[in-house]
Amino acid sequence: MLIRNTLPLSILAGICISIGCVVNLRTGGVAGAVLFAFGLTTVVYYGLKLYTGTAGFIRRKGDWSMLLTVLGGNILGCLLTAWLIAYAQPDCIEPASKILAGRIEKGPWACALLAVGCGFIMTTAVEFARKDKMLPLLLGVPVFILCGFTHSIADAFYFLVSPKELLLQPEVMVIYVSEVLGNFVGCNLYRWTTLSVQR
């Protein structure tokens, strides 16, 4: 039931974020960062399941398998899109490779810290969107991109569209896991820091 209800929405969310990645790779700069926001607004509008839009709202019990399903579905959506884009738009491979090379150069600790910032922005943006306030959603994406923060689902696409010899380096998996964990921390930062106030 969980797989049937959640996985398709997660795969489509990964595809939507990948579309944002493609326009960012092909356009670059401020324009690419702004246009990337189409991916997240589509996810929110259709009620799709995105890891960074879900991690900050899970309950303490009962949601972990759902969150892992969302993450797996997002990555699968990115993989499918990466295969298509690598074939149909091979000019995206080089700029994606530069992003991956930059992550490798930074290392897992820096990528994790940058992921915290992205997670905080994404949860804030989604929280506003749930209250029908879309401007933070439109601003949040270019803010995290122009800050150089790392988004684990966007990076899943960037990594997967990169050449295999770069992708299959052992440190890439460590970096990716660090981003997933950093996004989770950032997504829950507000909730954790205000827990005592809420009590």
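Start by selecting Thr81, which is buried at a relative accessible area of 12%. (Buried means under 20% relative accessible area, exposed over 50% and partly exposed in between, with a 1.4 Å probe and protein chains only.) Thr81 sits in helix H4. Helices here are DSSP runs of H or I with at least four residues, strands are E runs of at least two, and both are numbered from the N terminus.

Before moving on, note that the model is predicted: local features need pLDDT of at least 70, side-chain atom pairs count only at pLDDT 80 or more, and totals for chains, interfaces and linings use all residues. Residues are numbered from 1 along each chain as its sequence is written, and side-chain values use heavy atoms, leaving out hydrogens and water.

**Around Thr81.** Which residues does Thr81 contact, leaving aside its neighbours within four places in sequence? Show Ile15, Ser18 and Phe157. Contact means heavy atoms within 4.5 Å.

**Helix H8.** Select residues 152-160, helix H8. This helix is mostly covered, with 8 of its 9 residues buried. The buried ones are Ser152, Ile153, Ala154, Asp155, Ala156, Phe157, Tyr158 and Phe159.

Now pick Tyr158. Setting aside neighbours within four places in sequence, Tyr158 touches Cys21, Asn24, Leu25, Phe36, Ala96 and Ile99.

**The nonpolar core.** In soluble globular proteins, nonpolar side chains tend to be buried together. Here the largest nonpolar core holds 49 residues. A nonpolar core is a set of buried Ala, Val, Leu, Ile, Met, Phe, Trp, Tyr and Cys residues joined through side-chain atoms within 4.5 Å. Colour Ile17, Tyr51, Ile153, Phe157 and Tyr158, the residues with the most contacts inside this core. The elements giving two or more residues to the core are H1 (2-27), H2 (29-46), H4 (64-88), H5 (93-106), H6 (108-130), H7 (135-147), H8 and H10 (170-193). H4 contributes the most, with 7 residues.

**The largest pocket.** Switch to a surface view.

H2, H3 (51-54) and H6 each give two or more residues to the lining. The lining divides into 10 nonpolar, 3 polar and 3 charged residues. (Ala, Val, Leu, Ile, Met, Phe, Trp, Tyr, Cys and Pro count as nonpolar, Asp, Glu, Lys and Arg as charged, and the others, Gly among them, as polar.)

**Salt bridges.** The whole structure has 5 salt bridges, each a side-chain nitrogen of Lys or Arg within 4 Å of a carboxyl oxygen of Asp or Glu. Go to Arg26 and Asp91, paired at 2.5 Å, N to O. Arg26 is in helix H1 and Asp91 in the loop between H4 and H5, so the pair ties together parts 65 residues apart in sequence.

Next, Lys98 and Glu94, with closest N and O atoms 3.8 Å apart. They are 4 residues apart in helix H5, separated by about one helical turn. Lys98 is exposed at 57%, and Glu94 is exposed at 52%.

Finish at Lys131 and Glu127, bridged at 3.7 Å between the closest N and O atoms.
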